[in-house]
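Let's take a walk through this protein together, starting on the inside. Have the sequence and the 3D view ready.

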Amino acid sequence: MRFDQCTNGNIFMHGWTKEQAVMSEHDKAILQELAKKMRSYAEKPEQEELMQLWRDHNDLKETRPLIYLDLENGWNELLPQEFTCECEGEMAQEWEMWLHKEIIYAEKVKCDKPIEAKFYIPYQAIDTKWGVDKKVIGDFYGGEAYTWESPITEDMMEDDFDVAELIKIPQINIDWEATDAFTEIAHDVFDGILEVERRQWWWWGMELTHPYVDLRGFESMLMDFYDYPEKMHEILGRFTEGYLAKIDFLEKNKLFTPNTGNCYVGSGGLGISGSLNPKAEVPVSAMDLWGFHESQETGEVSPEMFAEFVLPYQIKLAERFGLNYYGCCEGLDGRWEYIKQIPRLRRVSVSQWADIPKMSEMLGSDYVFCHKVSPTDIAVPEIDEDHIRTRLHQVLTDCKRCGNHVELIMKDNHTIANTPRNAYRWVEIAREEVAKVYG
């Protein structure tokens, strides 16, 4: 069975249908044995030490640099060499896969991701999104090149189409029968071994320019800044209206789940924090959570144009959250003077497209410095350890000098050259370089 490995390893992105929500005694026994093994790692004292380390780090207390590896599609090359599903049911196989990943983190990856005695269950839900979508040409899901036909054409822009008529406010529809069914099964399988906890991603981030590119095309978006500025504002405003309505719906119906514990947050790293939802209670509003905002698609747009067209809408969304994470792959040094206007900004992405020493000076000790290490370092059959060391040593030296709260994040790993040792070795090298620079 082929699994979607691209998402991070500590959350299911979707639930299961009523038909999939079945569990045989055979599969239950396999899952319980794996859960017991996972629990044995979770009970080790160093796991709580890691939780506290992340908590202090995100609360801007002085800590050593943290190291986090998210294999993403690299799991497709790691697991086939080390893992064969023993479970027979479709849902049980996905649960088995998740448990194996957590055990691999504990036994082989050994980065700073804590292992907890918890099993996370999502909702089975459908998000209607924007009610209009692109026509994909090529194999979108097969990993091959593709393009698309954008539904908002040049003629429509010229005719000043009705934005609210075309772009709908997203609706969330939960299949409670299916959700209750697999939740009950999870309790039956794991109670007494792992704590079953609800955890759901209702969105990855409050994306504005990504859906704009889907609906207009990338080149068209770049021209719209000049050719159709009023309509561009109208479309971005509609997306903002949609996200705000979704936040209101989730708050009203008490559907938010925590992202302030041992949870992947933003574009990399963990959201463990003592500043938000410190008692790990079920959040009742977005103010209990991390928000995430980025605009990779405008990376080559001038800072001033970004500030005029995109930032005002991001600020409206960020105002709803208790703390905010900003950025993904785009370089932020050129537009930092604007980005720092984001309210309650705490975590900031420092990618390979940024001037890293400059970002180190800009962030100082006021933010978390989320450094995205280049995944090409481990995407080759034989890694260049000297090269990896040199790059990490320079970043760490700059960060120490500027008093940064730094974390080293290895992500976007779409291949590890079928060499799992690359990933494990990178963590070892990162630890060695942290020790050299920080003692």
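**Starting from the core**

The largest nonpolar core here has 140 residues, and W95, F190 and W426 have the most contacts inside it. A nonpolar core is a set of buried Ala, Val, Leu, Ile, Met, Phe, Trp, Tyr and Cys residues joined through side-chain atoms within 4.5 Å, where buried means under 20% relative accessible area (1.4 Å probe, protein chains only). Helix α4 (residues 90–109) gives the most to this core, with 11 residues. Helices are DSSP runs of H or I with at least four residues, strands are E runs with at least two, and both are numbered from the N terminus.

Keep in mind that this is a predicted model: local features need pLDDT of at least 70 and side-chain atom pairs pLDDT 80 or more, while totals for chains, interfaces and linings use all residues. Residues are numbered from 1 along each chain, and side-chain values use heavy atoms, without hydrogens and water.

Now, what does F190 touch, leaving aside neighbours within four places in sequence? Its contacts (heavy atoms within 4.5 Å) are L31, A35, W95, L99, F119 and V196.

Next, look at helix α12 (residues 311–318). Six of its eight residues are buried, so the helix is mostly covered. Those buried residues are L311, Y313, Q314, I315, L317 and A318. Among the elements covering them are α10 (229–252), β8 (290–293) and α11 (303–309).

Technical notes. Buried means under 20% relative accessible area, exposed over 50%, partly exposed in between (1.4 Å probe, protein chains only).
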